[in-house]
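Subject: Structure handover

Hello,

Here is the structure I promised to pass on. Please open it first, then read my notes below.

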Amino acid sequence: LAAGYDNGARNAPISETIAAMHGDYWNLKGNGGMQLSARAMHQWHEALTCRRTMNPALRALIVRPVVEAAGNVEARHGTLVSYGYGWAFRTTPDGTPFKLTHGGSDGIFLAQHLWRPYDRVFLYVVSNIGEDASRPTIVALRRLVGDAVQLTDQDVAARGAVWVCSS
């Protein structure tokens, strides 16, 4: 089991913390229970990008927003934010998603995933040193991969269909 650290002090594994609660806080089991290795996350990414087998109907559900964008939250860029099954989607004004992100933390363990299929950017960061200590590294990595990139409807139209796997 991976150990988590907070200000240099080693924390007990989440399984020990949950066991000590004697059945209370059952909802925390999912909080620290689904932690993927970088290799496993890359395999998941390969399935999403059609390089591994995935049920087409499942993939279609995963790569599309479900909750419509609530207004133009990024007026200066003209992009919208909406939500799907596990992802936050950044979409062009006509609703075409161009960036998917997801992250989570229990305060110590942290994971951030960023996927921009049109320019083939995939970033997965995991940390066991706490959110505050991890933040500068994550910000630097997101800047390095150009996370501020905003695509227009014309940009995505010119780059072809990345959401459908060819048979």
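Which residue follows H5, and is its phi positive or negative? The residue is Gly-146, and its phi is positive, near 75°.

Bear in mind that this is a predicted model. The mean pLDDT of the protein is 79. Residues at 70 or more make up 84% of the protein. Among the elements, helix H2 (residues 28-33) has the lowest mean pLDDT, at 52. Helix H5 (residues 131-144) has the highest, at 89. Where pLDDT is low, the predicted coordinates should not be read in detail.

Helix H5

The length of H5 checks out. It has 14 residues, so at 1.5 Å a residue it should span 20 Å. The C-alpha atoms at its ends are 19 Å apart, which agrees.

The cavity

There is one cavity of 30 Å³ or more in the structure. The largest cavity holds about 40 Å³ of space. Its lining consists of Gln-112, His-113, Leu-114, Leu-123, Val-125, Ile-138 and Arg-142. Strand S6 (110-116), strand S7 (121-127) and H5 are the elements that each give two or more residues to this lining. S6 gives the most, with three residues.

Salt bridges

How many salt bridges does the structure hold? The count is five. One to look at joins the side chains of Asp-147 and Lys-99, at 2.9 Å from N to O. Asp-147 lies in the loop between H5 and helix H6 (153-158), and Lys-99 lies in strand S5 (residues 97-105), so the pair ties together parts that are 48 residues apart in sequence.

The surface

Gly-146 follows it. The loop between H5 and H6 holds Asp-147, the partner of Lys-99.

Best regards

How values were computed
Residues numbered from 1 in each chain as written. Predicted model: local features only at pLDDT ≥ 70, side-chain atom pairs only at ≥ 80, totals over all residues. Heavy atoms only, no water. pLDDT = per-residue confidence, 0-100. Helix = DSSP H or I, 4+ residues; strand = E, 2+ residues; numbered from the N terminus. Expected span 1.5 Å × (residues − 1). 1 Å grid on protein atoms, 1.4 Å probe; cavity = no way out; pocket = protein on both sides within 12 Å on 5 of 7 lines; lining within 4 Å. Points joined across faces, edges and corners; volume = space filled by probe spheres on them. Salt bridge = Lys/Arg side-chain N within 4 Å of Asp/Glu carboxyl O.
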